[in-house]
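The notes below are meant to be read beside the model, one point at a time. Please keep the sequence and the coordinates open while going through them.

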Amino acid sequence: MIRTFLSMAQFPVPPATPPQFAFSDSRPFSEGVGKKLGTRHAPTVINSAYFTLQFWDGRAARLEEQAKGPIANPVEMAHTLDGVVKHLQADSKYRELFRSAWGTDQITIDMVAKSIASFERTVVAGNSPFDRFYYGHDSKALPAAAQRGLKIFISSKKGNCAVCHTIGKDYALFTDNKFHNLGIGADTRGNLNDLGRYAVTNVEADKGCFKTPSLRNLANRGPYMHDGSFRTVKDAFAHYIGGGNWNPYLDKEIHSLDVLTFDERDDLLQLLDSLNGRLPDNIGPPPDLATPAKTTSAAK
């Protein structure tokens, strides 16, 4: 999302997380400066306001902190925090907007990060068929197949999906905001090509662990997983059918779902389809901010 915001200020990197891709990326790895590719799939911004940690490995505690990361990353934007401030300060539109939002047109990087984070907190999806059924008590909101899928999703003897993709009494993020090893990226000998959360904590048990992604608005978010290794939801589901890829740190809750009949698997996929909620109408880039930046000598 940071690229979308800063590209409006005429940075040379195209937006990687537009609304039509559910604020994720349609490619396994996002392309940065000089066509360099990152090493992880861009996670969705949707409902990130409710995530307790940001990034796949949780290295940022807040959205404001996350927003600064890609700017100086040599693979992503290869810029500097000071350079971003100067670029925005030179744009009369942004000076006016920052004055309106923060009471001053003397832009700082903290104001930039707060602005990005403030926008991201408005990208909220809810009111899905699941919500209308489960929380709104509308028995007709959820098709019979999806209702059966919900039972499978919750059952510890069936899908056991809710152990990580939690459903609460009053709301459901469909993530426990924790980190788990699913065997993604492990070779046939159990060797991991990305240590995930371990790089942040240096805790042995965190090797190969990544943040549980929310299951809301999966449509158009593909490819899936932290490495974008599965093109479709069905492909990702097949990974669980096989019980994940073995490695010494595989989460103890992971078990093969081959116990499910083909009808039960279809029902579970129907439930996942029911989690697609509507996004706000006004989350696209304002037309006037998509025009070339105007600079003035006073701003230089």
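Is Cys209 buried or exposed? With a relative accessibility of 5%, Cys209 counts as buried. The remaining points take up the model as a whole and then its local features.

1. Confidence. This is a predicted model, and its chain has a mean pLDDT of 90, with 90% of the residues reaching 70 or more. Where pLDDT is low, the predicted coordinates should not be read in detail.

2. Overall organisation. The chain is made up of ten helices and two strands, which follow one another along the sequence in the pattern α-α-α-α-α-α-α-β-α-β-α-α. Of its 300 residues, 49% count as buried. Among contacts between residues at least 6 apart in sequence, 62% join residues that are at least 24 apart.

3. Nonpolar cores. The largest nonpolar core has 31 residues, and those with the most contacts inside it are Phe130, Phe153, Ile167, Phe174, Leu215, Phe237 and Leu268. At least two residues of this core come from each of helix H6 (129-134), helix H7 (144-154), helix H9 (233-241) and helix H10 (262-273). Another core lies apart from it and has 14 residues, including Val84, Ile109, Ala113 and Ile116.

4. Phe174. Phe174 lies in the loop between H7 and strand S1 (179-180), is buried with a relative accessible area of 0%, and has a positive phi of about 60 degrees although it is not a glycine. Leaving aside residues up to four places away in sequence, Phe174 touches Phe130, Phe153, His165, Thr166, Ile167, Pro213, Ser214, Leu215, Arg216 and Leu275. Phe174 also belongs to one aromatic cluster together with Phe130, Tyr134, Tyr135 and Phe153.

5. Aromatic pairs. The count of aromatic pairs comes to seven. One of them joins Phe23 and Phe119 in a tilted arrangement, with 6.4 Å from centre to centre and 55 degrees between the planes. Why does this pair tie together parts that are 96 residues apart in sequence? Phe23 lies in the loop between helix H1 (2-7) and helix H2 (63-72), whereas Phe119 lies in helix H5 (residues 109-120), so the pair links parts separated by 96 residues. Phe23 counts as buried at 1% relative accessibility, while Phe119 is partly exposed, with a relative accessible area of 25%.

6. An edge-to-face pair. The ring centres of Phe130 and Tyr135 are 6.0 Å apart and the planes stand at 90 degrees; because planes over 60 degrees apart count as edge-to-face, the pair falls into that class. Phe130 counts as buried at 0% relative accessibility, whereas Tyr135 is partly exposed, with a relative accessible area of 21%.

7. Charges over rings. The charged end of Arg59 sits over the ring of Phe55, at 3.6 Å from its centre. The charged end of Lys207 sits over the ring of Tyr198, and here the distance to the ring centre is 5.0 Å.

8. Cysteines. The structure holds zero disulfides. For Cys164, the nearest cysteine sulfur is that of Cys161, which is 9.1 Å away; a disulfide would require the two sulfur atoms to be within 2.5 Å, so Cys164 is in none. Cys164 is buried, with a relative accessible area of 12%.

9. Backbone details. The peptide bond from Gly222 to Pro223 is cis, with omega near 5 degrees, and Pro223 is found in the loop between strand S2 (210-211) and H9. The loop between S2 and H9 is also where Asn217 lies. Asn217 has a phi near 55 degrees, a positive value in a residue other than glycine, and is buried, with a relative accessible area of 8%.

Technical notes. Residues numbered from 1 in each chain as written. Predicted model: local features only at pLDDT ≥ 70, side-chain atom pairs only at ≥ 80, totals over all residues. Heavy atoms only, no water. Phe/Tyr/Trp six-rings, centres within 6.5 Å; stacked < 30°, edge-to-face > 60°. Helix = DSSP H or I, 4+ residues; strand = E, 2+ residues; numbered from the N terminus. Buried < 20%, exposed > 50% of the residue type's maximum accessible area, 1.4 Å probe, protein only. Lys NZ or Arg CZ within 6 Å of the ring centre and 35° of its normal. pLDDT = per-residue confidence, 0-100. Core = buried A, V, L, I, M, F, W, Y, C linked by side-chain atoms within 4.5 Å. Contact = heavy atoms within 4.5 Å.
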